[in-house]
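Hi,

Here is the structure I promised to pass on. Have a look at it first, and then read on for what turned up in it.

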Amino acid sequence: MADTQATPVGAQPNAALVRSAARSPFAGHADGERPNRSGEIGVRINAGLLPGVVLVSTWISGINGLLSALASVFGNVPQRTGLTASTPLGLLARTGPEEFLLLSTEPGNPTAQLRQAIAADIGAVTDLSHARCRIHIEGPRCQTVLNKLFALDLRADAFPVGEVRLTGTHHVPCVLHRLGADSFDMLVFSTYAYDQLHTLVDAALEYGVGVTLE
């Protein structure tokens, strides 16, 4: 019989091990390039899991207290919906008037650290690492493809580099993060990620698409 090591009652499993053992919601899609009839690849897509995602939220009357608590942790806090701030713990994005998403850049879970700074009477801190993943899209045709799916103004003056927009496709929510003129991250629900990737690839086929799965 193989040796096993039980997790003590009340102990939390190692988050990195849980994530590494998780089945990718993109499993079943195929890597590779599908050029258009002219042999071009106008869009490149990369899909995979995120190192960590934490939702921080409050109610309308609690926003001032939450901003103060976040400032004690991060220093720089986005002051309006759509703005982001780079922090040592990752990218802090203001996705709504009373909510923020922290996107970790390295493995590790900052949930406990945030809960120490944000008491229950100030706001809620929820680990969404298991429930969100990322689809990256870039290339000269990526805006054309995204315009098929999202009712958003993607012009640079309306959607500057670095900002986020809470949007959706076919009533399925998505946070769109602009990284460059023709470079975006789609932060999607793991439950719907497979179909959202399928929809994105289908919309890109006429321009040629390359897909890489992490």
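**What I found**

How many of the five residues of strand β3 are buried? Four of them are, so β3 (residues 53-57) is largely enclosed by the rest of the structure.

Before going further, keep in mind that this is a predicted model.

**The overall picture**

The protein has 214 residues, and 44% of them count as buried. Its secondary structure comes to five helices and twelve strands. If you take the contacts between residues at least 6 apart in sequence, 65% of them join residues at least 24 apart.

**The seven-stranded sheet**

Next, have a look at the open sheet of seven strands, where the pairing is mixed and the order is β1-β12-β2-β8-β11-β10-β9. Which strands sit at the edges? They are β1 (32-34) and β9 (164-169), and each of these pairs on one side only. On average, neighbouring strands of the sheet are turned by 25 degrees against each other, if you ignore direction.

Within this sheet, strand β8 (residues 132-138) and strand β11 (residues 183-189) run antiparallel and are joined by seven bridges. To find your way along that pairing, look for Glu138, which stands opposite Ser183 in β11.

Two helices pack on the sheet. One is α4 (residues 142-149), which touches β2 (43-49), β8, β9, β10 (172-180) and β11. The direction of α4 makes about 35 degrees with that of β11. The other is α5 (residues 193-204), whose contacts take in β1, β2, β8, β9, β10, β11 and β12 (209-213). Helix α5 has a direction that makes about 10 degrees with that of β8.

In soluble globular proteins, nonpolar side chains tend to be buried together. Here the largest nonpolar core has 28 residues, and those that touch the most other members are Ile45, Ile135, Ile137, Met186 and Leu200. Which element gives the largest share? That would be α5, with six residues.

Leaving aside its neighbours within four places in sequence, Ile137 is in contact with Val43, Arg44, Ile45, Cys142, Val145, Leu146, Asp182, Ser183, Phe184 and Leu200. There is also a second, separate core of 15 residues, with Val54, Phe74, Val77 and Leu114 among them.

**Around Phe159**

The count of aromatic pairs comes to two. One of them is Phe159 with Phe184: the ring centres are 6.0 Å apart and the planes are at 65 degrees, so the pair is edge-to-face. This pair links distant parts of the chain, since Phe159 is in the loop between α4 and β9 while Phe184 is in strand β11, 25 residues apart. Are these two buried or exposed? Phe159 is buried, and Phe184 is buried too.

Arg165 has its charged end over the ring of Phe159, 4.6 Å from the ring's centre. Arg178 lies over the face of Phe159 as well, at 5.8 Å from the ring centre.

**A pair of histidines**

Last stop: the loop between β9 and β10, where you will find His170 and His171. His170 is not a glycine, yet it has a positive phi of about 50 degrees. His171, also not a glycine, has a positive phi of about 70 degrees. As for accessibility, His170 counts as exposed at 65% relative accessibility. His171 is exposed as well, with a relative accessible area of 86%.

That's the tour. Over to you!

Conventions. Residues are numbered from 1 along each chain as its sequence is written. This is a predicted model: local features need pLDDT of at least 70, side-chain atom pairs count only at pLDDT 80 or more; totals for chains, interfaces and linings use all residues. Side-chain values use heavy atoms; hydrogens and water are left out. Two strands pair if DSSP finds at least two bridges between them. Helices (H or I, at least four residues) and strands (E, at least two) are DSSP runs, numbered from the N terminus. Axes are lines fitted to C-alpha atoms, for helices over the stretch in contact, and angles run from 0 to 180 degrees between N-to-C directions. Contact means heavy atoms within 4.5 Å. A nonpolar core is a set of buried Ala, Val, Leu, Ile, Met, Phe, Trp, Tyr and Cys residues joined through side-chain atoms within 4.5 Å. Buried means under 20% relative accessible area, exposed over 50%, partly exposed in between (1.4 Å probe, protein chains only). Rings of Phe, Tyr and Trp (its six-membered ring) pair if their centres lie within 6.5 Å; planes under 30 degrees apart count as stacked, over 60 as edge-to-face and the rest as tilted. A charge sits over a ring if NZ of Lys or CZ of Arg is within 6 Å of the ring centre and within 35 degrees of the ring normal.
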